[in-house]
Amino acid sequence: MIILANHQSVMDIVVIMAAFRHHSVKFVAKGELRHWCPTVSRVLRVQRHALIPRRGDYSLAMKEIDRMASSLGPRECPVIFPEGTRSRDGELLPFQSGAVRRIHTRAPLPLVALALDGGGRFSRVQDVLAMPRGHRYRITVAQVFPPVQGKREILHQVEESRQAIGEILRDWRNQG
């Protein structure tokens, strides 16, 4: 499966790895994480996740995504944060579809939309270390889509994923 999740915090990576502990998740992540966060950086490098530049060389980013998608083994799931960056205030940002489309051309897999909430206040490692006891971090599957063919169908699934995640986030926040 290809996992699509909203992105609020550095904790999202750890939470997804724990939630999908019976699978090997492979993240499409910003290249700066190669050296930025000691433990997370080492895991991302050693496990050969797709670490892409945030600015500049688009072809290098696509080659890195292709490398990861082409080398996926059984029970390996690519994870994409289609917002492209963390949402500082927890509000859902627009979703980009490029990485999803690129992975899907090499590995046509079902798409799983995942809603995460509770990490918005924890954008730095120092914040995570100071996380108050009993803090709620929520994660749930928002929607599952079968593999599809064609750019239009993938774009539709990405947009439906954003809508489903947005509905769950609104429900959670209305509950308090």
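Predicted model: local features only at pLDDT ≥ 70, side-chain atom pairs only at ≥ 80, totals over all residues.
Local features are taken where pLDDT is at least 70, and side-chain atom pairs count only at pLDDT 80 or more, while totals for chains, interfaces and linings use all residues. Residues are numbered from 1 along each chain as its sequence is written, and side-chain values use heavy atoms, with hydrogens and water left out.

The chain holds 6 helices and 6 strands, where helices (H or I, at least four residues) and strands (E, at least two) are DSSP runs numbered from the N terminus. Their order from the N terminus is β-α-β-α-β-α-β-α-β-α-β-α. Of the 176 residues, 47% are buried, that is, under 20% relative accessible area with a 1.4 Å probe and protein chains only. A contact requires heavy atoms within 4.5 Å; among contacts between residues at least 6 apart in sequence, 68% join residues at least 24 apart.

Rolling a probe the size of a water molecule over the atoms shows where empty space is left. A pocket is an open set of points, on a 1 Å grid over the protein atoms alone, where a 1.4 Å probe fits, with protein on both sides within 12 Å along at least five of seven lines; lining residues have an atom within 4 Å of a point. The largest pocket is lined by 32 residues, and Val28, Ile52, Arg54, Phe81 and Gly84 lie nearest its centre. Two or more lining residues come from each of strand 2 (24-30), helix 3 (58-70) and helix 4 (98-106). Helix 3 gives the largest share, 4 residues.

What span should the 13 residues of helix 3 have at 1.5 Å a residue? The expected value, 1.5 Å times one less than the number of residues, is 18 Å, and the end C-alpha atoms are 18 Å apart, which agrees. The buried residues of helix 3 are Ala61, Met62, Glu64, Ile65, Asp66, Met68 and Ala69. These buried residues pack against strand 2, strand 3 (50-52), strand 4 (76-80) and helix 4. In the loop between helix 3 and strand 4 lies Arg75, whose phi is near 65°, a positive value in a residue other than glycine.

Helix 4 contains Val100, which is buried, with a relative accessible area of 2%. Leaving aside residues up to four places away in sequence, Val100 touches Leu4, Ile80, Leu111, Ile154 and Val158. The C-alpha atoms of Val100 and Pro78 are separated by 9.2 Å, and these residues are 22 residues apart along the chain.

Methods. Buried < 20%, exposed > 50% of the residue type's maximum accessible area, 1.4 Å probe, protein only.
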